[in-house]
Amino acid sequence: MDTASFFIYCTIATFTPGPTNIVLLSTVHHRGARTAMRYAYGATMGFGVLLGLSALLNAILAAYIPAILTVMRFIGSGYMLYLAYRLCKMSAASSVTRLPLRRGEPKD
């Protein structure tokens with residue numbers, strides 16, 4: 001495994017927007033910067049541990065079971081194609097929920 005690529009991925013994944021960043025913004029707003037910084041340090045350390053363990057497990061699997069890589073690629077590719085198919089077939093109109101009209105509002 002290329003270590004430089006792993007660290008570049010960790011850095012990018014840590015600082016891109018996601019649920020942790022939204023929670024941090026909310027924490028800063030409601031509880032202050034000091035509490036948010038403690039949360040940010042914990043989330044960053046936890047994410048680093050998670051990425052490290054994932055990389056270690058993948059390296060162990062790749063070293064001891066090389067045949068599993070081909071199977072994992074087919075399963076992953078099939079799942080991505082399934083998600084793409086579902087996304088293409090999803091109707092934009094079906095995802096919009098209409099709220100009931102209030103009294104006095106004109107109908108469309």
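What percentage of the 108 residues in the protein chain do buried residues make up? In this predicted model, the share of buried residues is 7%. The secondary structure of the protein chain comprises 4 helices and 0 strands, and along the sequence the elements follow the pattern α-α-α-α.

The largest pocket was examined next. Its space was computed as about 220 Å³. A total of 13 residues line this pocket, and Thr14, Phe15, Thr20, Asn21 and Thr44 are the closest to its centre. Contributions to the lining of the largest pocket come from helix 1 (3-15), helix 2 and helix 3 (33-64), each of which supplies at least two residues. By residue class, the lining of the largest pocket consists of 7 nonpolar and 6 polar residues, with no charged residues.

Thr27 counts as buried because its relative accessibility, 14%, falls under the 20% cut-off. When residues up to four places away in sequence are not counted, Thr27 touches Gly32, Thr35 and Ala36.

Notes:
Residues numbered from 1 in each chain as written. Predicted model: local features only at pLDDT ≥ 70, side-chain atom pairs only at ≥ 80, totals over all residues. Heavy atoms only, no water. Buried < 20%, exposed > 50% of the residue type's maximum accessible area, 1.4 Å probe, protein only. Contact = heavy atoms within 4.5 Å. 1 Å grid on protein atoms, 1.4 Å probe; cavity = no way out; pocket = protein on both sides within 12 Å on 5 of 7 lines; lining within 4 Å. Points joined across faces, edges and corners; volume = space filled by probe spheres on them. Nonpolar A, V, L, I, M, F, W, Y, C, P; charged D, E, K, R; others polar.
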